[in-house]
Amino acid sequence: MCPCRSRPELLRASRKYGQYTMNREVTKVLEKPPYDRSSSQDSLDELSMEDYWTELENIKKSSENRQDQEVVVIKEPDEGELEEEWLKEAGLSNLFGEAAGDPQESMVFLSTLTRTQAAAVQKRVETVSQTLRKKNKQYQIPDVRDIFAQQTESKEKAPDGTESQSVRTNENKYQGKDDQASSLVVGEKGLIPLVPDEAPASETDINLEVSFAEQAVNQKESSREKTQSSRGNDAPLLNFRLPKDKTGTTRIGDLAPQDMKKVCHLALIELTALYDVLGIELKQQKAVKVKTKDSGLFCIPLTVLLEQDQRRLPGTRIPLIFQKLISRIEEGGLETEGLLRIPGAAIRIKNLCQELEAKFYEGTFNWESVKQHDAASLLKLFIRELPQPLLSVEYLKAFQAVQSLPTRRQQLQALNLLVILLPAANRDTLKALLEFLQRVIDNREKNKMTTMNVAMVMAPNLFMCHALGLKSSEQREFAMAAGTANIMHLLIKYQKLLWTIPKFIVNQVRKQNTENHKKDKKAMKKLLKKMAYDREKYEKQDKNTNDADVPQGVIRVQAPHLSKVSMAIQLTEELKASDVLARFLSQESGIAQTLKKGEVFLYEIGGNIGERCLDDDTYMKDLYQLNPNAEWVIKSKPS
């Protein structure tokens with residue numbers, strides 16, 4: 001962890017750093033506006049920046065007399081090894097090395113990529129190829145340029161089969177007012193939002209239909225074409241919102257595991273392509289080996305902690321101690337002034353840790369003895385002392401690099417992809433944390449903890465990772481303070497948007513599934529021919545199976561766990577998923593009648609998707625046209 005200095009030293013240093021940044025040509029610095037707590041509590045002003053440094057001091061105090069975890073730093077891998085690991089993470093390991101096989105296996109996947117995604121893959125394959133040649137390894141590596149060259153003509157179509165003509169047109173309908181991230185500028189103490197966070201702001205939809213990297217390319221091109229009437233730092237802060245999609249919004253957790261795996265592969269490629277276009281270096285950090293305990297509550301890897309929790313309570317997705325600490329804080333009331341900011345006594349926290357380790361699972365720990373501020377300190381301590389950071393070792397630097405992206409829109413797009421890429425345990429725990437932080441902020445009138453105040457207090461706990469063994473210079477500390485607080489702010493404010501899977505990625509998954517289905521069908525026909533079956537008869541049977549005796553414009557919905565197990569429903573322009581659910585639930589009686597909205601969901605299964613839980617506002621006719629071979633089933637979500 002970075003060495004923490006005393007508050008007076010930090011505040012003196014911050015003024016020095018303010019002078020330093022004023023002389024830099026890279027960053028435009030504005031003179032700090034007069035301090036007015038009433039008009040903008042969320043400005044990174046003197047007091048709120050002091051919250052950040054005070055939190056660092058509290059972290060230092062709470063760390064005294066606690067044994068540091070031993071960190072074993074692995075040798076820094078060369079570029080070729082990093083890119084080889086990247087290709088494995090992107091699901092393209094069969095393009096090289098001992099795992100290299102028929103390049104046709106990757107053709108389906110590669111054929112669904114956008115231009116920028118293809119360029120990102122090509123760049124990594126070439127690096128790996130050069131590295132392997134230097135090492136005299138005789139692996140066959142297909143040249144991806146040849147593969148993509150074959151796709152040039154078909155690339156005129158977008159992943160969902162529609163003409164990609166209007167990548168720019170589709171993007172432009174979302175391009176409202178200037179959303180430059182420079183509306184947050186470096187001031188004497190860090191980033192200063194020019195418009196109060198709570199003040200009314202312009203609203204704009206964020207485009208999830210077009211690849212983020214493609215949008216960045218088009219934005220660059222359009223900025224070259226027109227002279228910039230730079231509104232610069234006078235640009236208003238925008239409130240981004242999810243656009244309404246008639247085929248339904250897809251959230252993390254809505255897809256089957258096999259489709260989610262494809263989403264993660266595509267998200268990594270898209271994130272890399274976006275960073276490439278914007279000239280930001282993205283290198284995954286190699287996980288460091290940290291000696292950890294194999295049982296307990298603190299300093300335990302999330303996966304190990306969840307395993308021991310699941311033995312006691314099957315289906316647990318968020319550590320029980322984490323849930324209990326949040327519950328204890330909320331029992332004390334979220335209106336408490338200075339909640340999360342005011343620390344518990346260091347010695348008391350240390351004693352509570354030891355007692356929790358001994359008694360938590362036995363159920364003999366006395367929670368009544370835990371004061372609210374102590375519970376908040378224990379929650380932050382739990383996050384801080386995870387052997388690998390909650391934002392993951394692999395992607396922590398990528399999260400930090402978000403502050404370098406030029407616009408707020410692109411920062412949100414990158415965060416969206418990074419959230420998708422987090423391991424499930426980290427992502428679920430982060431979601432629970434952000435939802436809790438939002439509940440704290442909802443009581444800001446009384447607890448005086450606005451979004452930025454909370455972001456300032458929580459940022460050091462999520463971003464200062466001891467496992468990476470980072471030693472920071474003074475300049476780096478201040479840049480990190482301002483940048484990570486801004487990222488934390490975005491994570492809290494836009495959490496609903498960030499847990500959404502972009503439509504263009506879902507469409508790419510649909511395309512992959514369609515192509516794989518065609519390939520499997522072709523192989524099956526070949527097999528049937530070899531077995532001397534009548535090919536025409538098979539095709540006729542296949543066609544009859546798909547038609548399933550359902551009239552045109554009607555879908556059959558199955559509900560195996562309800563009293564009404566099946567129903568034919570006429571599609572209309574206005575029919576939504578919520579209407580279908582309502583029809584089934586209105587016919588329930590007895591015990592089943594207690595089923596409430598939110599306990600069962602309508603699913604789209606098969607066709608060009610594995611399985612997808614539909615949101616209430618999905619228009620069924622539009623979705624049917626996108627996936628006419630799907631089955632429709634009502635069931636509960638798996639735990």
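**Sheet**

I started with the open sheet, and in this predicted model it has 5 strands in the order β8-β7-β11-β9-β10. The pairing is mixed. I looked up the edges next: they are β8 (566–570) and β10 (609–613), each of which pairs on one side only. From one strand to the next I get an average twist of 25°.

Then I checked what packs on this sheet. Helix α23, residues 577–585, does, and I find it touching β7, β8, β9 (601–606) and β11. I also noted the helix direction, which makes about 140° with that of β8.

β7 (residues 554–558) and β11 (residues 631–635) run in the parallel sense and pair over 2 bridges. Which residue of β11 does V557 face? I find W632 opposite V557.

**Cavities**

My search of the whole structure turned up 6 cavities of 30 Å³ or more. The largest cavity holds about 160 Å³ of space. I count 18 lining residues there, and the closest to the centre are D245, G248, T249, T250 and K503.

Which helix gives the most to this lining? My answer is α21 (residues 503–530), with 4 residues. I sorted the lining of the largest cavity by class too: 7 residues are nonpolar, 6 polar and 5 charged.

**Second largest pocket**

Next I turned to the second largest pocket, with about 1500 Å³ of space. I have 47 residues in its lining, and R251, I252, K431, E435 and W499 lie nearest the centre.

I listed the elements that give two or more residues to this lining: β5 (238–241), α9 (257–277), α16 (424–441), α19 (474–493), α20 (495–498), β9 and β10. Helix α16 has the largest share of the pocket lining, 8 residues. By class I get 20 nonpolar, 9 polar and 18 charged residues for this pocket.

Why do I place the second largest pocket between domain 1 and domain 2? Both domain 1 (302–493) and domain 2 (551–638) give residues to its lining, so the pocket lies between them.

How values were computed: Residues numbered from 1 in each chain as written. Predicted model: local features only at pLDDT ≥ 70, side-chain atom pairs only at ≥ 80, totals over all residues. Heavy atoms only, no water. Pairing = 2+ DSSP bridges. Axes fitted to C-alpha atoms, helices over the stretch in contact; angles between N-to-C directions. Contact = heavy atoms within 4.5 Å. 1 Å grid on protein atoms, 1.4 Å probe; cavity = no way out; pocket = protein on both sides within 12 Å on 5 of 7 lines; lining within 4 Å. Points joined across faces, edges and corners; volume = space filled by probe spheres on them. Nonpolar A, V, L, I, M, F, W, Y, C, P; charged D, E, K, R; others polar. Domains from an automatic or database assignment.
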